[in-house]
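Here is a friendly look at how two parts of one chain meet. Have the sequence and the 3D view open as you read.

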Amino acid sequence: MESEPLWNKVSDDKLKALLAKNGIRHDTTVILYGRDVYAAARVAQIMLYAGVKDVRILDGGWKTWSDAGLPVERGMPAKIKPAPDFGAPIPGQPQLMVDMEQARGMLHRQDASLVSIRSWPEFIGETSGYSYITPKGEIAGARWGHAGSDATHMEDFHNPDGTMRSADDIAAMWKTWNILPDQHVAFYCGTGWRASETFMYARAMGWKNVAVYDGGWYEWSADPKNPIVTGERGPESVR
């Protein structure tokens, strides 16, 4: 689903072939889960972009299922019958991803929010969050959408059992940073996983105009012309 060097989604042609190889058409219902919710969410968000109409993630992922004592099995899964074709043009929902130029256009607006789903230490520039990303800092003008303690955790969005916090709790957290449901909202993180999890939560909350900035901090920080900011700051800095 992703390709180097920036770990953005693969090309539309490769995506179409990959989905068909795994028996997935535009009208296939897909339920995704994983050890980490954001891994499943990354795939889910890309599938929605491609045009798969009904894509869902298991709330809390594999751990919640396992902890509940629900049925499990071992061994290799049954062989998948490839689909003859995807059955629709790809991308079916191109508006679900924004590129760097579109992300720039969302800054410093009241009707839009470019939202960082990164830990506070990442947001203020204490760490990049990734061993393979050198620059530290944040996109100047981005609003902080919360995340977790570091680049591999999302505690701010989870109940103690790993399931999604209530929609009211999440909306209140975002409102503090002027991230509102009637805006055009694009989430980003380092390379897309945490942003995709948040995107799926926003969709579940009924937010209609949400997207992921696929390039994220990795792409943005690689261009010296892009404005960045570091240091402690609050919501008033991006009003």
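This is a predicted model: local features need pLDDT of at least 70, side-chain atom pairs count only at pLDDT 80 or more; totals for chains, interfaces and linings use all residues.

The chain splits into domain 1, covering 12–71 + 78–92, and domain 2, covering 95–237. Their C-alpha centres are 23 Å apart. Where they touch, domain 1 contributes 15 residues and domain 2 contributes 21 residues.

| Item between domain 1 and domain 2 | Value |
|---|---|
| Buried area | about 1,600 Å² |
| Share of buried area from carbon and sulfur atoms | 65% |
| Salt bridges | one salt bridge |
| Polar contacts (both residues at pLDDT 80 or more) | seven residue pairs |

Which elements each supply at least two residues of the side of domain 1 that touches domain 2? They are α2 (37–50) and β4 (54–57). Of the elements on this side, α2 gives the most, with 10 residues.

Some individual residues deserve a look in the viewer. In domain 1, the residues that lose the most area to domain 2 are Tyr38, Arg42 and Gln45, which together account for 45% of what that side buries. Arg42 also takes part in a salt bridge: its partner is Asp214, and the closest N and O atoms are 2.8 Å apart.

Note on methods:
Residues are numbered from 1 along each chain as its sequence is written. Side-chain values use heavy atoms; hydrogens and water are left out. Domain bounds come from an automatic or database domain assignment. Contact means heavy atoms within 4.5 Å. Buried area is the accessible area (1.4 Å probe) that two parts lose on being put together, summed over both. A salt bridge is a side-chain nitrogen of Lys or Arg within 4 Å of a carboxyl oxygen of Asp or Glu. A polar contact is a pair of N or O atoms within 3.5 Å; within protein, one must be able to donate a hydrogen and the other to accept it, and residues adjacent in sequence count only if both atoms are side-chain atoms. Helices (H or I, at least four residues) and strands (E, at least two) are DSSP runs, numbered from the N terminus.
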